[in-house]
Amino acid sequence: MATMGQLWANTGSALATLMFIYTIFKQWFPHFGDHLEPFFQRHLGRFYPYIQITFHEYSGEHFKRSEAYLGIQSYLSKDSSARAKKLKANTIKGSKSLVLSMDDKEEITDDFEDVTVWWQSKKEGSVRQSISFYPAADEKRYYMLRFHRRDREVIIERYLEHVMKEGKTIELKNRERKLYSNTTGQRSHGNQTKWNHVTFEHPATFDTLAMEEKKKEEIKSDLVKFSKSKDYYKKIGKAWKRGYLLFGPPGTGKSTMIAAMANFLEYDVYDLELTTVKDNTQLRRLLIETSAKSIIVIEDIDCSLNLTGQRKKKEEEEEDGDEKKAMEKKMMQNEGENKESKVTLSGLLNFIDGLWSACGGERIIVFTTNFVDKLDPALIRKGRMDKHIEMSYCGFEAFKVLAKNYLDVEESELFEEIKRLLEVEEIKMTPADVGENLLPKSEGEEAETCLKRLIEALKEEKEEAKRKVEEEAKQKKEEEEEKKRKKEKKAEKEAKEEEKKKKIEENGEEEH
């Protein structure tokens, strides 16, 4: 056994020496070495049981970084900081933090399904023969994966796919998320995009959202299920998308809900302004340019173009008639909607539910409106807007969330009075107004003062609501009396005309 061990040791030493000589020979005689390389690889393969795969930093066009290389870099970054002795920190475009990776010539191991593999970060440099304006052209970086040939099937069929998938997940998690908007009158030239973006930094979360806990958990559960249902959507033959309709009075937190959804799923947000879109074709182009893992938002859909009444019955249009046309004309002049936009209801329906909606996946489409009754039923039916969420006035549970957010208060003697006003008296106040009353107005203002201010505001809101009811009742009574007077006046006029007509007829008969 000792003799056999010594034999293998000598063989290994000889192979190492041979490889060293071959490497030096290849460096000094590169062209001659190319002819000898197949010979060396063929004979070395008989004794060397390992397979190597290289992943170069650049592939195809020289200055386009390989997606495989970037995926491996992200995948290895999770273990590099703990295992590698030499690290390098890089700032990658679109990433919100530094990315740590192995330095050149470092090696770490990875385990997958009881198989051990070795990753090496390598760099090859060539002797510069001429002046180059591109220093990177003289250095070629790559990752080398080494594994035993008996594990070929596991590595090729499953491990590499696992590395790419995990690397993509890490890359998406570390990326700097963006808020996109389409700019007025912007048109694409060449490769330019119609979307402009800024960094998405909205701090809203479901924890800070003023809403009943049960309702929040229901929404979060729905979002998680959607994000993990790629295979399910493929199985049932549907595009991997989901529609949410957020409706309720102004100030009830519809925009905050969108931000909380984006932060919860770590999605980008596309804020689509329909009034700046020229036509249906441009709308489709905007859809194609959106990325996966994103939320496409159309806020105040009831005010976006003339999309709410395109399917009204003819008699209803005639009934509303001139008054409605005058109002719409004024609105369009005020908002600049009368310029060029020719987006139709049909085009919007195809955008959210047609063939073009399947271009890409893992996208959420959100509509918001203050007046859900104004929307065309075809626009918000199930399958287009799958989940309808009412953003209502502030209840006691929502108030407690706001008290914790604004004042860091979870219990107070004043809570009972606030609960009575919100639940028993059923005073309607939006979360935005409640938050404004809870917000300290000076540096030393105490929480109790803010809570008392809210109580006074709720009482005033009650009185204001009472006055509005009385005024509405008075106005209604006056309108009814006015209608009655007009009706009586009309009847009186018709009676006089009838009497006049009879007299004329009687006079005519007397002449005959």
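Nine of the twelve residues of helix 7 are buried, so this helix is largely enclosed by the rest of the structure; buried here means under 20% relative accessible area, exposed means over 50%, and partly exposed lies in between, with a 1.4 Å probe and protein chains only. The model is a predicted one, in which local features need pLDDT of at least 70 and side-chain atom pairs count only at pLDDT 80 or more, while totals for chains, interfaces and linings use all residues. Residues are numbered from 1 along each chain as its sequence is written, and side-chain values use heavy atoms, with hydrogens and water left out.

The buried residues of helix 7 are Lys254, Met257, Ile258, Ala259, Ala260, Met261, Ala262, Asn263 and Leu265. Helices (H or I, at least four residues) and strands (E, at least two) are DSSP runs, numbered from the N terminus. Among the elements that cover these buried residues are helix 5 (213–227), strand 9 (241–247), strand 10 (268–271), strand 11 (294–298) and strand 12 (363–369), where contact means heavy atoms within 4.5 Å. The length of helix 7 (residues 254–265) can be checked as well: at 1.5 Å a residue its twelve residues should span 16 Å, and the end C-alpha atoms are 17 Å apart, which agrees; the expected span is 1.5 Å times one less than the number of residues. Helix 7 is followed by glutamate 266, whose phi is positive, near 60 degrees.

Helix 5, one of the elements covering helix 7, holds lysine 216. Lysine 216 counts as buried because its relative accessibility is 2%, and, leaving aside residues up to four places away in sequence, it touches Phe206, Asp207, Leu209, Met211 and Val401.

Seven strands form an open sheet of mixed pairing, in the order 8-7-10-11-12-9-13, two strands being paired if DSSP finds at least two bridges between them. Strand 8 (195–199) and strand 13 (387–390) are the edge strands, each pairing on one side only. On average, and with direction ignored, neighbouring strands of this sheet are turned by 20 degrees against each other. Helix 10 (residues 345–353) packs on the sheet, touching strand 9, strand 11 and strand 12, and its direction makes about 140 degrees with that of strand 12; axes are lines fitted to C-alpha atoms, for helices over the stretch in contact, and angles run from 0 to 180 degrees between N-to-C directions.

Strand 12 is mostly covered, with seven of its seven residues buried: Arg363, Ile365, Phe367 and Thr369 point one way, and Ile364, Val366 and Thr368 the other way. Strand 12 runs parallel to strand 9, to which seven bridges join it, and also parallel to strand 11, through five bridges. Isoleucine 365 in strand 12 has glycine 243 opposite it and also isoleucine 296, while arginine 363 stands opposite lysine 241.

The structure holds 14 aromatic pairs, and the rings of phenylalanine 226 and tyrosine 233 form an edge-to-face pair because their centres are 5.9 Å apart and their planes stand at 85 degrees. Rings of Phe, Tyr and Trp (its six-membered ring) pair if their centres lie within 6.5 Å, and planes under 30 degrees apart count as stacked, over 60 as edge-to-face and the rest as tilted. Phenylalanine 226 is buried, with a relative accessible area of 2%, and tyrosine 233, at 10%, counts as buried. A search of the whole structure finds zero disulfides, a disulfide being a pair of cysteine sulfur atoms within 2.5 Å.
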